[in-house]
Amino acid sequence: MLKRLLFLTYGVIAYTTFLGTFLYAIAFVGGAFVPTALDGPATEPMATALAIDLGLLALFAAQHSIMARRWFKAWWTQYVPPVIERSTYVLCASAALLLLFWQWRPLGVEIWTVEHAVARVALLVLCAFGWLQVLVTTFLIDHFDLFGLRQVWLNLLGRPYSRRQFVTPAPYRVVRHPLYLGFLLAFWMTPTMTLAHLVFAGATTAYIVLAIGFEERDLVHEHGRAYQDYRRRVPMLLPRLVRRRENVEPSATVSVSAPVR
């Protein structure tokens, strides 16, 4: 019982760390209420600052994708108990982000500024909507499973873990990756685009597109024909203006997994 309580405590710590990191990320990108921010005046030579920023982004991308792969999990869970594998992933992802926030170097070059008041407000609203979409989407695909709490809770109760049967809630009928679309809105919808912001948004966009390829390969392996049919019907990130008519059984559901993990 003590071991189960320790695993639960570890899972709660990992989740709390994620929650704080997520809130900090919103403030970091928005440039408010936190000691470090995405934008600001340059404090170091351009080449040095850019190399540091790209290195931090590459480190996060590597951690986020490598630890999510099936081959890595098969090796990793020889040393880390499977019940806390997800919590450990969440904790490592939070640590990589916190390092990025701490060591990020603003580049101090303004790319564009939207002056029109209504347009500025519209962009800020879209940015806020993007962050909200990210959070809401996690609950649609099982927030507590995604961040490891369900695993340690079931373990505490002595019940075996089983994967949730993911269906396609409303956003997943519009695009296959609404969570990633939310991040893209949060990163790109800014009235003032600096060079550092552009580097951050561009690098994360490239990572998202690349990561989706790895993720969907795993999803096809896990769900087979069902996910292939779903991928054929629903666009990846950009909604279709006109929906295609498909001969699909009204009661049919498609299993959809969480984002890259």
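Student: Which helices each supply at least two residues of the lining of the largest cavity?
Tutor: This is a predicted model. In it, the lining of the largest cavity draws on several helices, each giving at least two residues. They are α1 (2-30), α2 (46-66), α4, α5 (117-140), α8 (178-188) and α9.

Student: Which residues lie nearest the centre of the largest cavity, and what is the make-up of its lining by class?
Tutor: Nearest the centre are F60, H64, L97, L179 and F183. By class, the lining of the largest cavity has 26 nonpolar, five polar and two charged residues.

Student: How many cavities of 30 Å³ or more does the whole structure have, and how much space lies in the largest?
Tutor: A search of the whole structure for cavities of 30 Å³ or more finds two. The space in the largest cavity is about 660 Å³.

Student: What is the volume of the second largest pocket, and which residues are closest to its centre?
Tutor: The volume of the second largest pocket is about 310 Å³. Its lining is made of 14 residues. Closest to the centre are P82, E85, R86, Q151 and Y161.

Student: Which element gives the largest share of the lining of the second largest pocket?
Tutor: The elements that give two or more residues to this lining are α4 (85-103) and α7 (149-157). The largest share is three residues, and it comes from α7.

Student: How many charged residues are in the lining of the second largest pocket?
Tutor: By class, this lining has five nonpolar and three polar residues. The charged residues in it number six.

Student: Where on helix α10 do its buried residues fall?
Tutor: The buried residues of α10 (residues 225-233) are Y227, Y230 and R233. Seen down the helix axis, they fall within an arc of 125°, so they line one face of α10.

Student: Against which helix do the buried residues of α10 pack?
Tutor: The residues in question are Y227, Y230 and R233. Their packing partner is α9 (195-223).

Student: Is C127 buried or exposed?
Tutor: Buried means under 20% relative accessible area. The relative accessibility of C127 is 14%, so C127 counts as buried.

Student: What about C92?
Tutor: The relative accessible area of C92 is 30%. Buried is under 20% and exposed is over 50%. C92 therefore counts as partly exposed.

Student: How many disulfides are there?
Tutor: A disulfide requires two cysteine sulfur atoms within 2.5 Å. By this rule the number of disulfides is zero.

Note on methods:
Residues are numbered from 1 along each chain as its sequence is written. This is a predicted model: local features need pLDDT of at least 70, side-chain atom pairs count only at pLDDT 80 or more; totals for chains, interfaces and linings use all residues. Side-chain values use heavy atoms; hydrogens and water are left out. On a 1 Å grid over the protein atoms alone, a cavity is a set of points where a 1.4 Å probe fits but cannot get out, and a pocket is an open set with protein on both sides within 12 Å along at least five of seven lines; lining residues have an atom within 4 Å of a point. Grid points are joined across faces, edges and corners, and a volume is the space filled by probe spheres set on the points. Helices (H or I, at least four residues) and strands (E, at least two) are DSSP runs, numbered from the N terminus. Ala, Val, Leu, Ile, Met, Phe, Trp, Tyr, Cys and Pro count as nonpolar, Asp, Glu, Lys and Arg as charged, and the others, Gly among them, as polar. Buried means under 20% relative accessible area, exposed over 50%, partly exposed in between (1.4 Å probe, protein chains only). The arc is that of the directions from the helix axis to the C-beta atoms. Contact means heavy atoms within 4.5 Å.
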